[in-house]
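Morning, everyone. I have one structure to walk you through. Please bring it up on the screen.

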Amino acid sequence: MKTHLRIRLLLAVLTCLSYSLVEAKASRPAEENDEYAANYASQPRFRALLHYEPGAEEAHVQFDKQAINFFRRLTYGDGWTLDVTTSLADYPYERLKDYSVVISLNAMPGGKSQREAFEKYMENGGGWMGFHASAYNDRNTNWPWFNRFLGCGPFYCNNWPPQPALVECNQEHPVTVSLPQSFVAPASEFYQWKPSPNENPDVEVLLSISQKMYPFGLKDVVKWGDFPIVWTNTKYRMLYLNMGHGDEAFIDATQNLLFVNALRWVVSQDPHGDPFQK
Ligand code: ZN
C-alpha cells in the first residue's frame, strides 16, 4: 500500500473513532455528567447557583430535575458555570456574592442566617430567578423583607388540578419582547397573591393568566381577579416565574424561550457588567 493511501486510511479510522466518542458522550444524560462543558471553558462568562429541595413534594421535584437538566444544557454554548446545591446553608454572603444569579427552584433560604445572607446578597446587587414555590409564603413564614422583595402579598389561592393556561404577555420588556402576545402555557398549578403584584408601582408584570380562563380549576377554582404569573420588582435584579409544578414545564418552545430570556436578562443586568458582552 502506498504511503499516502495508508495515511488516508488512518485518518478515516481516526475520524470514525472520534465521531463515536462524541456520540457516546452526547448520549450520556447531562444530569449524570458532572464534567459538563462549562468546566472546560478557560474563562466561564459568569457563575450561577441553583438550589432545590430533594424532599419537596413529588411534582415539585419532578420540575426541579428537569429544570436542572435544562439549565445545565444552556451552559454548553455560552460557557458559564452552574453550581447546584440542595441547601443554602453552605452559602454565606461571602460565597453568594461571587454568583451573578441564584436560581431558586421551589426552594427558599431556610433559617435566619440563610435569610440574612440572601437579603444582603440581593440588597447589594445580587441576581435572582425564582420558580413556583420559591415564592410561596403565608402568615407562618414570618419574613416581611421577602414580601417587600417579591413586591406582593402572601399566597392567596391556586387552581387545582394543574392545567394548561392561556397567558398574555406584556411585550414591552426585554424578557418578553420576542414572545407572542399570548400563548398556551403547559399544565401547572398557578398561584394568585393578595395584594396582587399589579398593585405595587415598583413591579413590572410580564405575563398574566388570561381572564378568559375563568373559572380556572376544577377542585380549587380561581374565579376572578388579575392573575400575574411572571414579574420583576424593579427595585431588585430579580424575576419571578410561577411555573414549576409537574413534568410538563419544558414541553413548550415559547415557554422555554421565556426561561432563557429571563436568565439572560437577569444576568445581563449584573452591576459588574454584562457577561454576554465579553
Ligand atoms: Zn405546586
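Let's start with strand β1, residues 47-52, which runs parallel to β3 and is joined to it by 5 bridges. Strands count as paired here if DSSP finds at least two bridges between them.

Before going on, the ground rules. This is a predicted model, where local features need pLDDT of at least 70 and side-chain atom pairs count only at pLDDT 80 or more, while totals for chains, interfaces and linings use all residues. Residues are numbered from 1 along each chain as its sequence is written.

pLDDT is the predictor's confidence in each residue, from 0 to 100. The protein chain has a mean of 89, and 85% of its residues reach 70 or more. Residues 9-33 stay under 50, and the model has 8 contacts for them beyond four places in sequence. A contact means C-beta atoms, placed from the backbone, within 7 Å. Where pLDDT is low, the predicted coordinates should not be read in detail.

Now the overall count. The protein chain has 6 helices and 11 strands. Of its 278 residues, 35% count as buried. Buried means 20 or more other C-beta atoms within 10 Å of the residue's own; exposed means 12 or fewer; partly exposed is in between; C-beta atoms are placed from the backbone. Among contacts with a separation of 6 or more, 77% link residues 24 or more positions apart.

Back to β3. His-51 has Ser-104 as its bridge partner there. β3 also pairs with β4, in the parallel sense, over 4 bridges. In that pairing, Ile-103 partners Met-129 of β4. How many of the residues of β3 are buried? The count is 5 of 5. Val-101, Ile-103 and Leu-105 point one way, Val-102 and Ser-104 the other.

Next, helix α6, residues 253-268. At 1.5 Å a residue, its 16 residues should span 22 Å, and the end C-alpha atoms are 22 Å apart, which agrees. The expected span is 1.5 Å times one less than the number of residues. The buried residues of α6 are Gln-255, Leu-258, Phe-259, Ala-262, Leu-263, Val-266 and Val-267. They cover an arc of only 155° around the axis, so they sit on the same side of α6. That arc is taken from the directions from the helix axis to the C-beta atoms. Their cover includes β3, β4, β7 (182-188) and β11 (237-241).

Which residues have the most contacts inside the largest nonpolar core? They are Ala-48, Val-101 and Ala-262, in a core of 63 residues. Its largest share, 6 residues, comes from α6. Such a core is a set of buried Ala, Val, Leu, Ile, Met, Phe, Trp, Tyr and Cys residues joined through C-beta atoms within 7 Å. Beyond four places in sequence, Ala-262 touches Met-129, Val-175, Leu-239 and Leu-241.

Last, the backbone angles. Most residues other than glycine have a negative phi, and most peptide bonds are trans. Asn-106 has phi near 55° and lies in the loop between β3 and α4 (112-123). His-132 has phi near 45°, in the loop between β4 and α5 (144-150). His-132 is buried, with 28 other C-beta atoms within 10 Å. Lys-194 and Pro-195 are joined by a cis peptide bond, omega about -5°.

Terms used. Helices (H or I, at least four residues) and strands (E, at least two) are DSSP runs, numbered from the N terminus. Two residues are in contact if their C-beta atoms, placed from the backbone, lie within 7 Å.
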